[in-house]
Amino acid sequence: MIDFFENLPPYLQALIAGIITWLLTALGAASVFIFKTVNKKILTSMQGFAAGIMIAASFWSLLQPSIDYGTNGHLPAWLPAAIGFILGGVFIRGLDAVIPHIHQKIGDKSQYREGVKTSLSKNALLVLAITLHNIPEGLSIGVAFGIGIQNIPEGAALSMPIRAAGATRFKAFNYGQASAIVEPIFATIGAIAIIFITPVLPYALAFAAGAMIFVVVEELIPDSQSGNNTDLATLSLMLGFVIMMILDVSLG
C-alpha cells in the first residue's frame, strides 16, 4: 500500500492527504452525535496538542526544507524562506480582513466578527471562520506532508456551538465537516503549482509555514489558554511538538 501511494503523481498524493484531513474534521464534527457539550479540559488539551504539531510541522516539514532548497539558488538560502514566511502570514491576515466570519470559543458566549459586513447567519459565519483557517493546512499538505490530527478539535469546535444554538445534530455535523472541503482543494492546487513552478518551491514551503504559524498564534494558542487549564494546554502543546518533531526527523 505504501509503495502504491509513493508511486502516485504528487497531485494525487496531495489530494488523498487532503481528503484524509477532511475526514478527520468530520470525525471531530461527529462528536455532536455523542455529546451535548464538549469537555473544556479535553478541548483545550487537544487545541494545545494541535498547536504543537503545527509549529513543529512548520519548521521541520516546511521551513527547514525551504532553506535547504534555497541553497541551490543565487540568493542567500534564508532569503526565500523569510520572504515566503512573511507573505504567508500577510495572506491569511488579508483573508481575515476581507472574508466575513465570526469567532466563538467553546463554553464562552462571547464572540466577535471580522471581515466585511454581511447578512449571513451566525452559523454560516462560524463555518467561514474554520474554513478560512483550513486553507494554510491544505497548502501545507500540497507542498509537504504533515499530520492532520489538529482537524479533529477544529471539527468539534465548530459543530458543538452550532448544535448548542439549536441546530439539529445532523445539520451541526454537516456544517462542521463542510468547513474542511478547502483542504483537498488547496492541497491539490499546491501540489500542481509546485510541479510546474519548481523554482518557487522554497517560497511556497515557507509561505505555507507562515500561514500556519499565523493561525496557531491567532487562534489555537489563545483558545487553548482561555480557560482554567493553561498548564494542561501548554504541556499538550509541548507533547504535540515533540511527537511531530520525532515523526518528521525519523520519517524524513
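1. A residue is called buried when its relative accessible area is under 20%, exposed when that area is over 50%, and partly exposed in between, with a 1.4 Å probe and protein chains only. Helices (H or I, at least four residues) and strands (E, at least two) are DSSP runs, numbered from the N terminus.

2. The model is a predicted one, in which local features need pLDDT of at least 70 and side-chain atom pairs count only at pLDDT 80 or more, whereas totals for chains, interfaces and linings use all residues. Residues are numbered from 1 along each chain as its sequence is written, and side-chain values use heavy atoms, with hydrogens and water left out.

3. As to the overall layout, the chain holds ten helices and two strands, and from the N terminus on its elements follow the order α-α-α-α-β-β-α-α-α-α-α-α. Of the 252 residues in the chain, 47% are buried.

4. The buried residues of α4 are Pro80, Ala81, Gly84, Gly88, Gly89, Ile92, Leu95 and Asp96. Seen down the axis of α4, these buried residues fall within an arc of 160°, so they line one face of the helix; the arc is that of the directions from the helix axis to the C-beta atoms. The face of α4 turned away from the buried side carries the exposed residues Trp78, Ile86 and Val90.

5. Helix α7 (residues 169-178) can be read in the same terms, with Ala172, Phe173, Gly176 and Gln177 buried. Down the axis of α7 the buried residues fall within an arc of 125°, so they line one face of this helix. An α-helix has 3.6 residues a turn, so residues three or four places apart point the same way.

6. Several pairs of residues can be followed across the chain. Gly70, found in helix α3, counts as buried because its relative accessibility is 5%, and its C-alpha atom is separated by 7.7 Å from that of Ala81, eleven residues apart along the chain. Gly227 lies in the loop between α9 and α10 and is partly exposed, with a relative accessible area of 24%; Gly227 and Lys41 are 186 residues apart in sequence, yet 8.4 Å apart in space, C-alpha to C-alpha. Met238, in helix α10 (residues 230-251), is partly exposed at 47% relative accessibility, and the C-alpha atoms of Met238 and Ala50, 188 residues apart along the chain, are separated by 9.9 Å.
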